[in-house]
Amino acid sequence: MKIPFVDLHAQYLAHREGIDAAIAGVIERSAFIGGEAVARFEAAYAEHYGIAHCVSCANGTDAIYIALKMLGIGAGDEVITTAHSWISSSEAVSQTGATPVFVDVDDFYTLDAAKIEAAITPRTRALIPVHLYGQACAMGPIMEIARRRGLRVLEDCAQAHYATWGGQRVGTFGDAATFSFYPGKNLGAYGDAGAIVTRDAALAEAMRMYANHGQLKKHEHRIEGINSRLDGLQAAILSAKLPHILDWTARRQQVAAWYGEALAGIDGLELPKVRESATHVYHLYVIQHAGRDGLAAHLAERAIQTAVHYPTALPLLACYAARGFTAAQFPRAARNQSRILSLPIYPELTREMVQYVADSIAAYRCQP
Ligand SMILES: Cc1ncc(COP(=O)(O)O)c(C=O)c1O
């Protein structure tokens with residue numbers, strides 16, 4: 001049996017008619033940049049997600065940058081974020097001229113709320129909790145610290161569409177929240193795409209303006225901005241897919257439950273833990289094993305694709321070498337980076353496929 005890490009084609013085949021019609025409609029109207037399809041998706045996503053405003057942009061990295069800029073973050077400021085994630089959160093902080101300050105992860109792979117206070121200095125302006133792999137950060141404690149210390153909160157929801165903490169959706173806690181609709185994300189476009197959501201109308205307007213050359217009306221540039229726009233094709237595809245996101249999320253959770261049963265009791269394996277107050281939407285299903293690379297090679301031999309998210313903790317990447325970080329400063333992230341392995345997970349995975357992956361992992365454990 002062949003098990004790819006993701007299978008975007010299977011999803012396309014299941015929803016081909018709606019997606020093809022959406023694409024044809026945009027081409028028919030030649031509404032490639034901005035226009036009705038973009039406005040429709042923004043309104044639909046805000047309503048479906050349950051938040052007042054959605055501002056679309058070119059990708060999830062720009063979304064973080066645009067939000068930080070319009071929250072007034074810049075040179076001389078510090079922004080606290082997680083030590084183990086995709087680089088966008090820290091990269092966007094640096095892009096604004098501010099300095100990313102890394103805090104280690106907790107047992108759930110997310111920003112450790114208990115370690116935030118020690119990282120706060122007089123220059124700290126904001127926190128970026130990243131809801132990594134699809135699980136919410138401890139948003140209660142994080143928001144309490146932010147309120148008490150007067151910090152802005154920008155949630156990175158790129159991997160966590162519709163995840164919740166305490167029954168509330170991620171992305172609705174902070175000042176603003178960013179989403180990526182990269183093709184492999186839980187809600188994915190057919191190219192790069194992103195959005196920012198917020199309750200704050202003035203912030204939404206500022207972000208919309210900044211993302212479109214500083215203009216709300218053509219040729220009225222109130223500020224200098226950037227060009228980070230969602231294109232009509234991506235917006236139409238996302239609108240066609242949006243009605244299915246909760247079903248797909250439930251299927252991911254079902255696949256994770258199957259993995260949980262099938263992998264239980266295999267020696268030396270650590271399965272993902274779910275925070276008591278959270279729902280996990282399983283963008284990724286990440287296990288740990290001391291012999292991670294050997295296990296990955298063994299699974300590859302059985303045509304099972306895996307991946308590592310991410311092989312190097314952010315502070316230990318070459319691009320931050322000048323700051324002299326050490327592994328001892330981020331013990332959990334540093335330990336996880338050589339042990340974590342992401343197994344295939346997507347709505348179309350069957351129980352039989354999950355069992356094949358689990359049996360293959362068990363067989364590795366049995367080898368001398
Ligand atoms: C946690 C996280 N943040 C931000 C991003 C950036 O999204 P994009 O690739 O759309 O720029 C990603 C995407 O990989 C991500 O996983």
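Contact here means heavy atoms within 4.5 Å of each other. The structure is a predicted model, in which local features need pLDDT of at least 70, side-chain atom pairs count only at pLDDT 80 or more, and totals for chains, interfaces and linings use all residues. Residues are numbered from 1 along each chain as its sequence is written, and side-chain values use heavy atoms, with hydrogens and water left out.

By this contact rule, I116 touches I80, V103, L111, L127, I142 and I145, not counting residues up to four places away in sequence. I116 also belongs to the largest nonpolar core. A nonpolar core is a set of buried Ala, Val, Leu, Ile, Met, Phe, Trp, Tyr and Cys residues joined through side-chain atoms within 4.5 Å. Buried means under 20% relative accessible area, exposed means over 50%, and partly exposed lies in between (1.4 Å probe, protein chains only). The largest core holds 53 residues. Y45, I80, I116 and F181 touch the most other members. Several elements give two or more residues to this core, including α2 (16-29), α3 (36-49), β3 (99-103) and α9 (245-263). Helices (H or I, at least four residues) and strands (E, at least two) are DSSP runs, numbered from the N terminus. Helix α3 gives the largest share, 6 residues. Domain 1 (8-243) and domain 2 (244-366) both contribute residues, so the core lies between them. The domain bounds come from an automatic or database domain assignment. In soluble globular proteins, nonpolar side chains tend to be buried together.

Helix α3 also contains E42. E42 is buried, with a relative accessible area of 9%. Beyond its neighbours within four places in sequence, E42 is in contact with C54, V55, S56 and R208. A10 sits in helix α1 (residues 8-14). A10 is partly exposed, at 22% relative accessible area. A10 and C137 are 127 residues apart in sequence and 31 Å apart in space, C-alpha to C-alpha.

A backbone N or O atom of G60 lies 2.8 Å from an oxygen atom of the ligand. For the side chain of S180, an N or O atom is 2.7 Å from a ligand oxygen. For the side chain of K185, the distance is 2.8 Å. The protein covers 91% of the 390 Å² of accessible area that the ligand has on its own (Shrake-Rupley method, 1.4 Å probe).

Key: Polar contact = N/O pair within 3.5 Å; in protein donor to acceptor, adjacent residues only side chain to side chain.
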